[in-house]
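I opened my notebook to get to know a new structure, and these are the things I looked up along the way.

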Amino acid sequence: MTIERIDPDTRWSEAVIHNNVVYYTSVPEKLDGDIIIQTADTLAAIDVMLGRVGSDKSKILDATIFLADKADFAGMNQAWDSWVVAGSAPVRCTVQAALMKPEYKVEIKIVAAID
């Protein structure tokens, strides 16, 4: 059994790979933007990590989206819908949660296959 930890730190790793599956959580870097900007920024970081490990968004199996404010659901969906691959949408769950930084409007956790 091989577990590969990407950029491990004391508290967490950027991503973890096991059995050709990558586990990754992304938060926005552009914290002054609205929900659409923050979601797009978070999704762009997912694209970067997936590319880094030899995968892409069409291989996402599962996504969990955490929203600080459920009123942002429509704006988050706007950014998501323009990003997700038609015909390859993963199973998805969206929940409202108190996020660890008050500036965060969204956090997205994904599980994706690697070729």
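**Entry 1: a loop to begin with.** I started at N19, which sits in the loop between strand 2 and strand 3. I kept in mind that this is a predicted model. Is N19 buried or exposed? I found a relative accessibility of 62%, so N19 counts as exposed. Its phi is near 55°, a positive value in a residue other than glycine. I then turned to N20, placed in the loop between strand 2 and strand 3. N20 has a positive phi too, about 60°, although it is not a glycine.

**Entry 2: helix 1.** Next I went to helix 1, which covers residues 35-52. I wanted to check its length against its shape. At 1.5 Å a residue, the 18 residues of helix 1 should span 26 Å, and the C-alpha atoms at its ends are 26 Å apart, which agrees. At the start of helix 1, I noted a side-chain oxygen of D34 that reaches to within 3.1 Å of the backbone nitrogen of I36. Just after helix 1, I came to G54, with a positive phi of about 85°.

Which residues of helix 1 are buried? I wrote down I35, Q38, T39, D41, T42, L43, I46, M49 and L50. I reminded myself that an α-helix has 3.6 residues a turn, so residues three or four places apart point the same way. My list has strand 1 (3-8), strand 2 (13-18), strand 3 (21-26), strand 4, helix 2 and strand 6 (106-113).

**Entry 3: from helix 1 into strand 4.** In the loop between helix 1 and strand 4 I stopped at K59. The side chain of K59 makes a polar contact with the side chain of D56, at 2.8 Å. Leaving aside neighbours within four places in sequence, I found K59 in contact with V111, A112, A113 and D115.

I moved on to T64, which lies in strand 4. Its relative accessibility is 17%, and buried means under 20%, so T64 counts as buried. What does T64 touch, beyond its neighbours within four places in sequence? I noted contacts with C93, E107, I108 and K109.

Entry 4: D72 lies in the loop between strand 4 and helix 2. I looked up its relative accessible area and got 18%, so D72 is buried. D72 and I35 are 37 residues apart in sequence, yet their C-alpha atoms are 6.3 Å apart in space. Not counting residues up to four places away in sequence, D72 touches I35, L67 and K105. I35 was already in my notes as one of the buried residues of helix 1.

Helix 2 itself runs over residues 73-83, and I marked G75, M76, N77, A79, W80 and W83 as buried there. What covers them? The cover includes helix 1, strand 4 (60-67) and strand 5 (91-96).

**Entry 5: one more loop.** I found E103 in the loop between strand 5 and strand 6. With a relative accessible area of 41%, E103 is partly exposed. Not counting residues up to four places away in sequence, E103 touches L31 and Q38. Q38 is one of the buried residues of helix 1.

**Entry 6: empty space.** I ended with pockets. Rolling a probe the size of a water molecule over the atoms shows where empty space is left. How much space lies in the largest pocket? I noted about 440 Å³. The largest pocket is lined by 15 residues, and the closest to its centre are W12, E14, T25, S26 and V27. The elements that give two or more residues to this lining are strand 2, strand 3 and strand 6. Strand 3 gives the largest share of the lining, 4 residues. By class, I counted 8 nonpolar, 3 polar and 4 charged residues in the lining of the largest pocket.

Key
Residues numbered from 1 in each chain as written. Predicted model: local features only at pLDDT ≥ 70, side-chain atom pairs only at ≥ 80, totals over all residues. Heavy atoms only, no water. Buried < 20%, exposed > 50% of the residue type's maximum accessible area, 1.4 Å probe, protein only. Contact = heavy atoms within 4.5 Å. Expected span 1.5 Å × (residues − 1). Polar contact = N/O pair within 3.5 Å; in protein donor to acceptor, adjacent residues only side chain to side chain. 1 Å grid on protein atoms, 1.4 Å probe; cavity = no way out; pocket = protein on both sides within 12 Å on 5 of 7 lines; lining within 4 Å. Points joined across faces, edges and corners; volume = space filled by probe spheres on them. Nonpolar A, V, L, I, M, F, W, Y, C, P; charged D, E, K, R; others polar.
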